Amino acid sequence: MAYFDVHCHLAIYPNIQKIIERAKKLSISIIAVSMDLSDNKKTLDLAEKYNNVFPMLALHPFSPISRSAPNLEEAKLVATMIEKNLNKLAGIGEVGLDHYFLKDKNSYAIQNEVFNYFLDLAEKYQLGITVHGKNAEREVFEQLKSRKIHSISIHWYSGPQDLINEGIKRGYYFSITPAVLYSAKHRIVVEKVPLEQLLTESDGPVNYKIKNKSITGEPIHVADVVSEIAKIKNLETEKVKQKLYLNAKKIYEKSNL
Ligand SMILES: [Zn+2]
């Protein structure tokens, strides 16, 4: 393999098989993350079927369909799936807090509860996590502070700069999306974080606006992310590609990638 997409919502593409085949042609390993109950089942099935797909199970801070926070009952159902499939998992994700898409402050307590429920599982089973924290970056960093988790990957960070330094100190990884091609806030992450703590992701099928064109993100776009990181860091693309691959391999080795 040559690249890693460490955060992709494979289960929600309409044309999953094509997406995976295109990724395979570029030798891309895909960490497939889950958002809601049905995602989790689909993610496991995809990992069973394709040898370049590795599953993460969890509940996102909001359901993509109902746009509401998940509840603890659902989290317990996912926990059962996690426990049954421990040796197959790349980790727990996508977890976190969201104060951007979810404006209803009444949902914050339950978001915290579900997030911490999954953090407990990550600690218990020594699994890595991929974390969402849009507009809730400080709260997320606060919750993670005392946790002893195998690896913490902060996904698509665009929050306050002082927390980037804090994350570096704590040994977190930061996964970079194609938004690095145009988002000043996301580019700062690449400037500040040492190459040793960077990862690449598509967060597909999210839409990106690149050169005024709207594109649906998919694993193959991590190649563009690698090139852009090399440009920002002023390093040779091939070296950056190898290093970023090894970073991901080191974290997810546990799952026999
Ligand atoms: Zn995501």
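This briefing covers a zinc site, a helix pair and one glycine. The model is predicted. Four residues hold the zinc ion: His7, His9, Glu94 and Asp203. Helix 3 and helix 4 pack at an angle of about 15 degrees. Gly96 lies in strand 4.

**Zinc site**
- The two histidines, His7 and His9, each coordinate the zinc ion through NE2.
- Glu94 contributes OE and Asp203 contributes OD.
- The site is irregular, with angles of 84 to 169 degrees among the four donor atoms.
- The donor residues follow the sequence spacing H-x1-H-x84-E-x108-D.
- Both His7 and His9 are buried.

**Helix 3 and helix 4**
- Helix 3 spans residues 72-84, and helix 4 spans residues 108-125.
- Their axes lie 10 Å apart.
- The angle of about 15 degrees is under 35 degrees, so the two helices are roughly parallel to each other.
- Their crossing is right-handed.
- On the helix 3 side, the contact residues are Leu72, Ala75, Lys76, Val78, Ala79, Ile82 and Glu83.
- On the helix 4 side, they are Ile110, Glu113, Val114, Tyr117, Phe118, Leu121, Lys124 and Tyr125.

**Gly96**
- Strand 4, which contains Gly96, covers residues 91-96.
- The relative accessible area of Gly96 is 5%. The cut-off for buried is under 20%, so Gly96 is buried.
- Beyond its neighbours within four places in sequence, Gly96 is in contact with Pro61, Gln111, Phe115, Val131 and His132.
- Gly96 and Phe141 are 45 residues apart in sequence. Their C-alpha atoms are 10.0 Å apart in space.

Key:
Residues are numbered from 1 along each chain as its sequence is written. This is a predicted model: local features need pLDDT of at least 70, side-chain atom pairs count only at pLDDT 80 or more; totals for chains, interfaces and linings use all residues. Side-chain values use heavy atoms; hydrogens and water are left out. Donors are N, O and S atoms within 2.8 Å of the metal (3.2 Å for Na, K and Ca); water is not among the atoms, so sites may look incomplete. Four donors count as tetrahedral if all angles lie between 85 and 135 degrees; four count as square planar and six as octahedral if opposite donors are over 155 degrees apart and all others between 65 and 115; anything else is irregular. Buried means under 20% relative accessible area, exposed over 50%, partly exposed in between (1.4 Å probe, protein chains only). Axes are lines fitted to C-alpha atoms, for helices over the stretch in contact, and angles run from 0 to 180 degrees between N-to-C directions. Helices (H or I, at least four residues) and strands (E, at least two) are DSSP runs, numbered from the N terminus. Angles under 35 degrees count as roughly parallel, over 145 as roughly antiparallel, 65 to 115 as roughly perpendicular and the rest as oblique. A crossing is left-handed if the near helix is turned anticlockwise from the far one by less than a right angle, and right-handed if clockwise. Contact means heavy atoms within 4.5 Å.
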